[in-house]
Amino acid sequence: MAEKSRKERATELFMEGYNCAQSVFLAFEDLHGIERSAAAALSSSFGAGMGRLREVCGTVSGMFLAAGALYGYDSPVAPQEKAEHYARIQELAAEFEKRNKTIVCRELLGLDVKREAPAPKARTQDYYKKRPCPALAGCAAEILDDYIKAHPIPGARLSWKTAGVRPAGQEDLEVLLAVYARARAFMAASGNPGQWGESYPPREVTERDIAEGNCYVLEAKGVIQAVFAYFEGKDPTYGRIEDGAWKQDGAYATVHRLASAGNGRGAAALCFDWCADRAKAHGCGSLRADTHADNQPMQRALAGAGFARCGRIYLENGEPRLAYERTFW
């Protein structure tokens with residue numbers, strides 16, 4: 001038997017009793033990876049035009065939720081990503097409106113009320129005969145499915161459900177060097193060729209990080225997704241800070257040489273969270289990091305992970321770096 005289409009899945013989910021938003025969102029559960037009960041709860045508020053307010057159709061909201069889970073941005077300072085995603089949402093809405101003349105629930109149902117009593121109508125056979133909702137759920141799912149086929153989804157978002165951190169071993173060295181090479185190429189392509197140049201970190205630094213127990217990898221299903229170095233204690237390059245000040249003067253940990261393999265989204269956030277949890281457990285008051293002024297992606301990742309920009313520090317060779325700190329109390 002052929003696999004059911006997204007359109008068929010969404011229609012059947014509605015017929016099973018899920019609301020319109022849930023039906024569309026759950027039709028993509030294999031892609032967004034959110035466990036069904038959590039996904040159903042997350043989308044439950046948007047049924048019947050948002051809690052029977054008869055505003056934006058729940059099938060459209062479910063489509064938007066799924067699009068956000070698959071393509072959305074997660075940084076509070078990401079103007080380009082925000083604009084790109086809003087353009088995506090407007091494109092999906094325009095296609096739904098083209099096929100159905102409106103995205104508003106009450107207009108789709110021919111209602112002359114702005115909102116209705118919160119109690120839903122019983123799902124009887126007569127209900128299904130009169131309501132276009134199953135077909136609308138299928139339509140919204142089809143629109144997003146067509147969009148996905150034309151716009152491949154970026155790497156799946158990583159989570160602690162499938163990923164974990166472990167110490168790196170010497171047997172990981174060649175993979176880690178390849179991850180760092182990929183990161184250097186990404187930096188150069190992103191307008192930041194100077195931070196790591198053509199060879200940083202050199203093999204001997206990575207070998208030392210591993211040997212001294214400071215190198216860790218984020219791994220998902222046996223595949224290394226990111227590498228970073230974690231240290232506790234004073235970092236000599238953080239003793240002098242200009243144009244600002246550190247948030248706290250007590251014990252702290254630092255994270256350096258963080259690089260993603262580029263296979264999944266959210267790798268940096270998971271690494272930062274792991275470092276923060278470890279630092280807190282060991283009595284540190286904060287986690288510190290630094291990055292190049294041209295490294296916009298890392299600056300967004302740090303801000304999104306709860307770091308505050310504190311000033312400017314200098315490496316041992318005198319190069320300046322932007323200093324960041326995430327405090328715990």
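Contact here means that heavy atoms lie within 4.5 Å of each other. The model shown in these views is predicted, so that local features need pLDDT of at least 70 and side-chain atom pairs count only at pLDDT 80 or more, while totals for chains, interfaces and linings use all residues. Residues are numbered from 1 along each chain as its sequence is written, and side-chain values use heavy atoms, with hydrogens and water left out.

View 1. The protein chain has 14 helices and seven strands, where helices (H or I, at least four residues) and strands (E, at least two) are DSSP runs numbered from the N terminus. Taken along the principal axes, the C-alpha atoms fill a box of roughly 75 × 45 × 35 Å. Of the 329 residues in the protein chain, 45% are buried; buried means under 20% relative accessible area, exposed means over 50%, and partly exposed is in between, with a 1.4 Å probe and protein chains only. Among the contacts with a separation of 6 or more, 70% are between residues 24 or more positions apart.

**View 2. Lys-7 and its neighbours from another part of the chain.** Lys-7 lies in helix H1, which covers residues 6-16. Leaving aside residues up to four places away in sequence, Lys-7 touches Gly-138, Ala-141 and Glu-142. The C-alpha atoms of Lys-7 and Cys-139 are separated by 6.4 Å, although the two residues are 132 residues apart along the chain. Lys-7 counts as partly exposed because its relative accessibility is 38%.

**View 3. The packing of helix H6 against helix H7.** Two packed helices are described by the angle between their axes and the distance between the axes. Helix H6 (residues 58-71) and helix H7 (residues 79-100) pack at an angle of about 150°, with their axes 11 Å apart; axes are lines fitted to C-alpha atoms, for helices over the stretch in contact, and angles run from 0 to 180 degrees between N-to-C directions. Residues that make the contact include Met-63, Phe-64 and Tyr-71 of H6, and Ile-89, Leu-92 and Phe-96 of H7. By class, the contact of H6 with H7 has nine nonpolar, three polar and one charged residues, where Ala, Val, Leu, Ile, Met, Phe, Trp, Tyr, Cys and Pro count as nonpolar, Asp, Glu, Lys and Arg as charged, and the others, Gly among them, as polar.

View 4. Most residues other than glycine have a negative phi, and most peptide bonds are trans. Lys-101, in the loop between H7 and helix H8 (105-109), has a positive phi near 75°, and Lys-101 counts as exposed because its relative accessibility is 76%. Arg-257, in strand S4 (residues 252-260), has a positive phi of about 55° although it is not a glycine. Arg-257 counts as buried because its relative accessibility is 13%. The peptide bond from Tyr-200 to Pro-201 is cis, with omega near -10°, and Pro-201 is found in the loop between helix H11 (173-189) and helix H12 (203-211).
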